[in-house]
Amino acid sequence: MKTPKIILLALAAGAICLFFWLDLGRFLTLAALKAHHQTLMEFRAAHHAMTVVGFMLLYIIQTALSLPGAALLSLAAGALFGTVQGTVYANIAATMGATLAFLAARYLLREIAQGRFGNQLTAINREIESGGFHYLLFLRLVPAFPFFLVNLAAGLTRLPLRTFFLATMIGIIPGGLVYVNAGASLAAIDSLAGIVSPRVLGSFALLGVFALAPVLCSNFKTR
């Protein structure tokens, strides 16, 4: 591995270790958000632009480094900015962070993955070239697939950057909207577990099937 890649990997690993060493995750909890909600609202009222920029930078860093706390940050977006603005800010920040993780995985790990799993990746790349947008949209809509793993795995393929960006931005809207909207009524939330109901999860799964339908139909016609 070349020196620039080693430096970048060391910086990312150092930032992740620092996060856990300082126990910064204690600030990304529902209890902490409720405890500091009034203070954050007062700061936002006095420094709105700074709050927006700071929130988005925090969300981008969290997503780019695959750190825990995405759901809490989406709740915070709703609590601070309301459903509409909060969804916009959270969506843009999450998409940018995911794109940075995607690019980092491609830059640091793609050559290694191609060297070790070239034969297996050939078939995957062939499928992605024809239906990459729909496959990624399905993975984003169905919450069964970890967000950070999709970012890293996509970077190891030949999926175009533009396709990754658009499919991510569109695909995370439904899930993000649910959490941001819940955050707009922060006082009514007792736990993160109860925010997404089985019916909502089923709706996401159905949306994922619709997103994948064009690829399935195309494969069926080809066969």
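Buried here means under 20% relative accessible area, exposed means over 50%, and partly exposed is in between (1.4 Å probe, protein chains only). This is a predicted model, where local features need pLDDT of at least 70, side-chain atom pairs count only at pLDDT 80 or more, and totals for chains, interfaces and linings use all residues. Residues are numbered from 1 along each chain as its sequence is written, and side-chain values use heavy atoms, with hydrogens and water left out.

**Threonine 163**
- Threonine 163 counts as buried because its relative accessibility is 19%.
- You'll find threonine 163 in helix 7, residues 161-171 (helices are DSSP runs of H or I, at least four residues, numbered from the N terminus).
- Leaving aside residues up to four places away in sequence, threonine 163 touches Gly132, Phe133 and Leu136 (contact means heavy atoms within 4.5 Å).

**Largest pocket**
- The largest pocket comes out at about 930 Å³ (a pocket is an open set of points on a 1 Å grid where a 1.4 Å probe fits, with protein on both sides within 12 Å along at least five of seven lines; lining residues have an atom within 4 Å of a point).
- Among its 40 lining residues, Tyr59, Ala70, Ala71, Phe147 and Tyr179 sit closest to the centre.
- The lining of the largest pocket splits into 28 nonpolar, 11 polar and one charged residues (Ala, Val, Leu, Ile, Met, Phe, Trp, Tyr, Cys and Pro are nonpolar, Asp, Glu, Lys and Arg charged, the others, Gly among them, polar).

**Second largest pocket**
- About 530 Å³ of space lies in the second largest pocket.
- Helix 3 gives the most to the lining of this second largest pocket, namely six residues.

Conventions
Grid points are joined across faces, edges and corners, and a volume is the space filled by probe spheres set on the points. Helices (H or I, at least four residues) and strands (E, at least two) are DSSP runs, numbered from the N terminus.
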